[in-house]
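Subject: Structure handover

Hello,

Here is the structure we talked about. Please open it alongside these notes.

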Amino acid sequence: MATMDEMEEELKCPVCGSFYREPIILPCSHNICLACARNILVQTPDAESPQSSRASGSGVSDYDYLDLDKMSLYSEADSGYGSYGGFVSAPTTPCQKSPNGVRVFPPSVPQPPPQHHLLQHPGSLPPIPRNSCITCPQCHRSLILDERGLRGFAKNRVLEGVVDRYQQSKAAALKCQLCEKSPKEATVMCEQCDVFYCDSCRLRCHPPRGPLAKHRLVPPAQGRISRRASPRKISTCTEHELENLSMYCVQCKMPVCYQCLEEGKHGTHEVKALGAMWKLHKGQLSQALTGLSDRATEAKEFLVQLRNMVQHIQENGVEFEACLVAQCDALIEALNRRKAQLLSRVNKEHEHKLMVVRDQISHCTVKLRQTTGLMEYCLEVIKENDPSGFLQISDALIRRVHMTESQWGKGTLTPRMTSDFDLTLDSGPLLQTIHQLDFVQMKVPAAPMLQLEECCTQNNSATLSWKQPPLSTIAVEGYILELDDGSGGAFREVYVGTETICTVDGLHFMSMYKSRVKAFNASGAGQYSKTLIMQTSDMCKLNRMDPYICTLSEIQTCKGTFGPPGGPQTPTLRNSALASCMTVVKSFQHHYSNVLLQSPTALTPNPSASTVAWFTFDPVSAHPDIIFSNNNLTVTCSSYDDRVVLGSAAFSRGVHYWEMTVDRYDNHPDPTFGVARGDVLKDVMLGKDDKAWAMYVDNNRSWFMHNNSHTNRTDGGISKGATIGVLLDFTRGLLIFLINDEQQGPVAFEGLEGNYYPAISLNRNVQVTLHTGLPIPDFYTPGEADPNGSVC
């Protein structure tokens, strides 16, 4: 709870900034001193204040607050305060500001002298000018006073008592109540006037003569005791001053007297006993204070936590700064060591160059000395005049000169070393690294949040969406999405990247997949998100009154129809079944915050019940020459060459059956029907490569084809209106074809396993329509294939 010191601001008037003196309650529930209320009164024009719009101080409902347009006439600004002097009868005078910044206007009529005021009847007030307006200094609501003036406002005796008790607890020595500036210590108290006086104010305002001579003056301490011991003042009605407030109007939320109920506007209102409502509101206030006290306690604890954080931040800052300095010093030391190593290499290169050049200088000097000596000797020999003597040595000298000249061959007079240093310091990467030197993320990311409203399944595909927690500030470089195998096995990565939404195709039909995602950055991978369980099947129980087992996306897109939206002649889904599906979804969303949809045990499909799957032709993966219509259920081709189109769903388990009717058949083409992998060739007949298992048929016979191998020629072809059925059984790995409800040939293919899409190939001479959601043919029952290839 707030202490007495913290309560002081609640006990000060918003106009004068001092403790409340005779506070009154405005209709907006704010308080103001009675004297301050007179100071901020302004006078409005007669035309702006018709009698019908005048307010009464009896209740909030009596007041008609001025609208913004009218307020703009009375104010210099939208704050509700301004120079109101334009509407005052006397010339305007400058307004002054209270300690709280509120403008205080001088009274429009002269105030009586203090002596005259003290001689008036207690509780009487000087007359208020006609058409006076007052504006609340806190909420800026304005109202026009009625003929009662400020007497129409109730006095807040509770606040007055709280202020008195607070002042008594705070002031050891009572102060004079009439000093204008720096109140002096009170010396006496008048019991009749209930005012504390200092000596100067007592002589000036309370002279001991006339009627005041009969007043009893007591010491301040005794006056404080007598004031505390005085009986509690009984509040009287503002409408009927002689009546005490004894009831409480529930509708107007204000105390009323007996006469208000007899003749006033509260006669038809609900009223209750004042004491009962007093106790009730006290209890409500106490209960509200309990919650506020809890918030204050939490705020104090939070402030302690913040102060501790300040200390920890300072300690961690010093520690981190020391660590940073140490790391930078280590980098500088490593750079200095590398600098010494590089300088050593430069010195070695320098010494090597000097040694080579000096060696060459020494060698060249010796050779030059020998050559010069030989030249001088030959010149002296040439000077001899004895022919026989000259000829005796001339041949040897000529050979020696030629040999010496040859020793100065090419390269001898070329420097063996350059003066340039062929060493270039590659400092660019290091400078770039230094410029990019920054703090790395020291924490791994928080666990992502899966957005359940955006996660859904459709056929055998699952779309998952996630995001980082709202308050997470840790950098994220990417995400890792993991799924199990649909049978409760180990998780495996299916996506790694920066996107926050991913669609996974090629999942098993009618399986419950667990999925989770985690974020990673340079510091590592964070925690996994909550595990999400999704059902990949669009399968529903056929022709049964049981609640359907549907995925959430199916229920949202079903729109009251059974089967794919927009499908031909789809029977209506019962409202009760749809409501049951929605109940299942809402129930599991309520009980499992991390589960999108999980079928309860009561709705687990019966193994003996027939299950069907809905799908269409897929325009995304089809060859561009394929032409789609009828909501992608009917296809033909614009080319005379065979083109392949796949179904929109892949199968990997269960038993599946679908049919295609021939809508147009011209010039005896060879359409092909079967299953294929997702990467099958689209511009050749189905079955030409090793990615398709098919049956192609003309108007007389059919063949099975896989990897361009033709087998099992069977009589019986197709024509316009014929029906081709395809039965794919993963429990036994079989593929069977039917024409007009009769099995065409033996079992076409065996040992099938993996993911297969329904597929056909056709040209412009054929048009077929797909029919899905069909039950397994009656002739096909669980069992083993007999030796001749038929199914039993």
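Cys364 is partly exposed, at 29% relative accessibility. The cut-offs here: buried is under 20% relative accessible area, exposed is over 50%, and partly exposed lies in between (1.4 Å probe, protein chains only).

Some ground rules. This is a predicted model, in which local features need pLDDT of at least 70, side-chain atom pairs count only at pLDDT 80 or more, and totals for chains, interfaces and linings use all residues. Residues are numbered from 1 along each chain as its sequence is written, and side-chain values use heavy atoms, with hydrogens and water left out.

Cysteines next. The structure holds zero disulfides (a disulfide being a pair of cysteine sulfur atoms within 2.5 Å). Cys139 is in no disulfide; its nearest cysteine sulfur belongs to Cys28, 3.5 Å away. Cys139 is partly exposed, with a relative accessible area of 29%.

Now helix H8. It spans residues 274-382, 109 residues in total. Helices (H or I, at least four residues) and strands (E, at least two) are DSSP runs, numbered from the N terminus. From first C-alpha to last, H8 reaches 155 Å, close to the 162 Å expected at 1.5 Å a residue (the expected span is 1.5 Å times one less than the number of residues). Its buried residues include Met277, Lys353, Lys367 and Cys378. The buried residues of H8 pack against strand E11 (245-249), strand E13 (271-273) and helix H9 (387-407), where contact means heavy atoms within 4.5 Å.

Two lysines sit over rings. Lys353 lies over the face of Phe421, 5.7 Å from the ring centre. The charged end of Lys367 is over the ring of Trp408, 5.7 Å from its centre. The test: NZ of Lys or CZ of Arg within 6 Å of the ring centre and within 35 degrees of the ring normal.

Last, the aromatics. A search of the whole structure finds ten aromatic pairs. Rings of Phe, Tyr and Trp (its six-membered ring) pair if their centres lie within 6.5 Å; planes under 30 degrees apart are stacked, over 60 edge-to-face, the rest tilted.

- Phe704 and Phe749 form a tilted pair, 6.2 Å centre to centre with 50° between the planes. They are 45 residues apart: Phe704 is in strand E29 (residues 701-706), Phe749 in the loop between strand E33 (742-743) and strand E34 (757-762). Phe704 is buried at 1%; Phe749 is buried at 12%.
- Phe779 and Tyr780 pair edge-to-face, at 6.4 Å and 75°. Phe779 is partly exposed at 32%, whereas Tyr780 is buried at 9%.
- Phe615, Phe651 and Trp658 form one aromatic cluster.

Best wishes
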